[in-house]
Amino acid sequence: MNMKQLKELSNLIKDSLKNQVVLYSENASKFADEAVRAGFFEILGEEKLTWQNFENNYRAIFTVMENVLKSTLPDAWESSPFFNQFVEIKRGDLGQKNEFYVEDNSVIIASTFSGNHWDTDRQKVQGKRSFSTRTGWIYVRIYNDLERFLTQNDSLIEMVNKLRKAFQNEIDGRIYASFNAVGNLLPADFKETGTYDKDTMNNLIEKVQTYSQKEVVIAGTRTALGQIADGINTSWIANSQKEELATTGMVVENIGLPAKAIVIPQTFIRGTTDFKVKNNLLHILPQDSKIIKLYYEGEVRAKKMDEKETHDQTIDIQAQLRYGLGVVCDSITGCYELV
């Protein structure tokens with residue numbers, strides 16, 4: 001295949017992952033996978049996988065995988081209410097630089113004086129400040145799945161989707177866990193600790209609103225937000241919200257406070273069943289305060305590990321990507337630690 005054909009095959013896989021392939025019957029989805037499989041057999045030069053044809057053509061196969069992964073990873077971020085509210089994303093694959101700006105949060109004070117002179121105190125206007133996030137690499141390494149696909153025991157769409165989800169889960173987990181540290185450097189007046197009290201929360205909300213001059217949102221895990229929902233009088237909320245309260249333990253739009261709630265999805269610490277995001281923290285943030293800065297370079301590197309590295313004859317694939325992550329608050333936030 002030439003580069004144009006490899007791009008067309010990549011686009012077919014991307015469309016399949018997004019469920020955008022036109023289907024003419026309820027069983028037509030399998031034909032997209034068969035077309036992808038046929039495309040890979042065309043790369044191999046025959047209608048079966050052999051050690052020799054894979055060794056001779058794997059670079060073209062990896063080109064397709066790299067193209068699919070690097071362009072489909074951001075799809076989940078674009079449709080996530082959490083990302084839309086809290087995460088500012090810059091994408092190197094779209095030509096954007098690893099450069100973020102923080103608004104000036106200085107407060108200018110007007111003072112009285114006797115008049116008729118210019119000998120007064122001055123205050124510096126800081127203006128916007130720019131910074132870049134430090135980037136680092138993450139990887140996924142699998143074996144045998146490609147062979148299962150080519151022998152029709154597995155679906156390449158499923159395999160690439162597993163790779164994508166693995167990268168997505170790792171990045172998401174680090175972003176969600178970043179909220180654990182948001183409240184560490186807050187002034188004491190913007191932090192509360194204790195059992196949940198509605199008046200205490202309202203006071204904290206008002207402080208953040210007054211300082212930022214914006215409406216605020218409350219962010220927490222479903223467990224943390226459930227402690228707010230426990231105190232709601234359900235006799236005056238809509239039936240749909242009562243159902244949500246009963247099934248999820250929280251109400252997003254109507255929580256009995258002058259703020260909307262945003263769920264921070266929970267995730268496990270790798271290799272354990274311990275939660276990574278604290279279930280007893282509620283964050284009060286100015287609306288549209290994108291305190292998480294994510295730089296996605298958009299380059300994915302895939303490599304076949306050879307026999308010297310694997311010590312066997314399995315098909316072993318490693319994929320890597322680089323991204324940067326930072327947390328910057330350009331305004332005061334609030335934090336309520338529930339005990």
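Which residues does R91 touch, not counting residues up to four places away in sequence? In this predicted model, the answer is P74, E78, Q96, Y295 and Y296.

- Four strands form an open sheet in the order β1-β9-β10-β4, and their pairing is mixed.
- β1 (87-91) and β4 (135-143) are the edge strands: each has a single partner strand, so one side of each is left without a neighbour in the sheet.
- On average, neighbouring strands of this sheet are turned by 30° against each other, direction ignored.
- Helix α3 (residues 51-72) packs on the sheet, where it touches β9 and β10 (316-327). The direction of α3 makes about 170° with that of β9.

**Strand β1 and its partner**
- β1 pairs with strand β9 (residues 292-305) in the parallel sense, over 5 bridges.
- R91 belongs to strand β1. Is R91 buried or exposed? R91 is buried, because its relative accessible area is 14% and buried means under 20%.

**Two loop residues with positive phi**
- Most residues other than glycine have a negative phi, which makes the next two worth a look.
- Q213 is not a glycine, yet has a positive phi of about 60°. Q213 sits in the loop between α8 (198-212) and β6 (216-220), and at 64% relative accessibility it counts as exposed.
- D288, also not a glycine, has a positive phi of about 65°. D288 lies in the loop between β8 (281-286) and β9, and counts as exposed at 54% relative accessibility.

Key: Residues are numbered from 1 along each chain as its sequence is written. This is a predicted model: local features need pLDDT of at least 70, side-chain atom pairs count only at pLDDT 80 or more; totals for chains, interfaces and linings use all residues. Side-chain values use heavy atoms; hydrogens and water are left out. Two strands pair if DSSP finds at least two bridges between them. Axes are lines fitted to C-alpha atoms, for helices over the stretch in contact, and angles run from 0 to 180 degrees between N-to-C directions. Contact means heavy atoms within 4.5 Å. Buried means under 20% relative accessible area, exposed over 50%, partly exposed in between (1.4 Å probe, protein chains only).
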